[in-house]
Amino acid sequence: MVFKCRNCGGNVVYEPSRQSMYCPHCESLDSEDAVQGGSPTQCAVCGAPMEVQAYASSSRCEHCGSYVVFNERVEGTYEPRWILPFRLNKDGAVKEMEKEFGRRIFAPRDFMSTKSLAKMVGVYVPFWLYDYKARYDFVGEGTKVRSWQSGNTEYVETSYYEVIRQMDVAFDKVPVDASYAMEDGIMDLMEPYDYQVFQDFEPKYMSGFYGEIYNQGAQELEERAQTKARSASEQLLQESVQGYSSVRPVRKDLNLQREGVSYALMPVWQYLYRYRNKTYAFHVNGQTGKVVGTTPVSRGKVAAYGASVFAAVVLIFHLAFGILEIL
Ligand SMILES: [Zn+2]
Ligand SMILES: [Zn+2]
């Protein structure tokens, strides 16, 4: 499918800065007609043969420059439930890169040159989004240690507490990328996205960008989502047991129940820069402008995925017993 301008016949694309369809040839807004046709091997506009990546769902014809969305890869089992349309256009993404790297990075002269940046492309990356209900039952032994000196004697008092937590946490749309080409660690660092602006999927948002279908199924990738939900639950628990010198777990029971899963496309600007036979990958979140470079890949702080603690049902602080030790 291609989007053609009613006024001039040109290829209409989704323009993030205007948040609407835009014809770069005659500057019309929302003048598109969806024209069916085309395949991953042949351009729907000029008929030239196309060579696309194995998982491509939309691509640009090298011959005429049109963006083509491949129907059979956005329909049926491949139809995304959601799409986060690009909010940053290419200029916006470049500005974010300049802000982040300025002139300080290794900065070969052509790192941010127009010619090099021509290789920067906007990609809709396939993601699975998992919803969970988590129930976390925790029992632990907490201590509070107090010490003081009197004369030549040092006193240490250790108080023991029974720490009980029962948390119900709802996770909404824990994201896991389903693209072999995109490195998992980098995609994780692209988070967070603003889920408020999810749109029902429509192919028009893909015009002007590259797109991929999911490379792996939701079942196959679920472990990564569970790991994220578990570590976010753990973080919430840790935040709720502050104030002790130590907390030794006696019983931990974290139960995750999957409530749903949906398929979505997320916007990423990708810039692969070749320098001295090495490729440096830079990614900009097409929605928020967050920039991630190849190095350093540090694991980001655990995101909370809009996690909400529904009910901290029981929060009990039992003072079990205290011991006074004299050393
Ligand atoms: Zn036009
Ligand atoms: Zn073409």
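A residue is buried if 20 or more other C-beta atoms lie within 10 Å of its own, exposed if 12 or fewer, and partly exposed in between, with C-beta atoms placed from the backbone. Residues are numbered from 1 along each chain as its sequence is written, and chains are lettered from A and ligands numbered from 1 in the order in which they are written. This is a predicted model, in which local features need pLDDT of at least 70, side-chain atom pairs count only at pLDDT 80 or more, and totals for chains, interfaces and linings use all residues.

**View 1. The whole protein.** The protein has four helices and 15 strands. Helices (H or I, at least four residues) and strands (E, at least two) are DSSP runs, numbered from the N terminus. Of its 327 residues, 34% count as buried. Two residues are in contact if their C-beta atoms, placed from the backbone, lie within 7 Å. Take the contacts between residues at least 6 apart in sequence: 74% of them join residues at least 24 apart.

**View 2. Confidence and the end of the chain.** pLDDT is the predictor's confidence in each residue, from 0 to 100. The protein averages 85, and 87% of the residues score at least 70. Over residues 295-327 the pLDDT is below 50. Beyond near neighbours in sequence, this stretch has 55 contacts in the model. Where pLDDT is low, the predicted coordinates should not be read in detail.

**View 3. The largest nonpolar core.** A nonpolar core is a set of buried Ala, Val, Leu, Ile, Met, Phe, Trp, Tyr and Cys residues joined through C-beta atoms within 7 Å. The largest one holds 72 residues. Val-68, Val-125, Phe-127, Trp-128, Val-174 and Met-266 touch the most other members. Strand β8 (residues 121-150) gives the most to this core, with eleven residues.

**View 4. Around Trp-128.** Leave out residues up to four places away in sequence, and Trp-128 touches Val-176, Ala-178, Tyr-214, Ala-218, Leu-221, Val-261 and Tyr-263. Leu-221 is also one of the buried residues of helix α4.

**View 5. Helix α1, residues 90-101.** The buried residues here are Lys-90, Ala-93 and Met-97.

**View 6. Helix α4, residues 218-240.** At 1.5 Å a residue, its 23 residues should span 33 Å, and the end C-alpha atoms are 32 Å apart, which agrees. The expected span is 1.5 Å times one less than the number of residues. A kink of about 30 degrees is centred on Arg-224. The bend at a residue is the angle between axes fitted to the seven residues ending there and the seven starting there. Buried residues of α4 include Ala-225, Lys-228, Ala-229 and Leu-236.

**View 7. Backbone details.** The peptide bond from Glu-191 to Pro-192 is cis, with omega near 0 degrees. Pro-192 sits in the loop between α3 (184-189) and β10 (199-200). Asp-30 is not a glycine, yet has a positive phi of about 45 degrees. Asp-30 lies in the loop between β3 (20-22) and β4 (32-35). Asp-30 is exposed, with 12 other C-beta atoms within 10 Å. Lys-173, in strand β9 (residues 153-177), has a positive phi near 60 degrees. Lys-173 is buried, with 21 other C-beta atoms within 10 Å.
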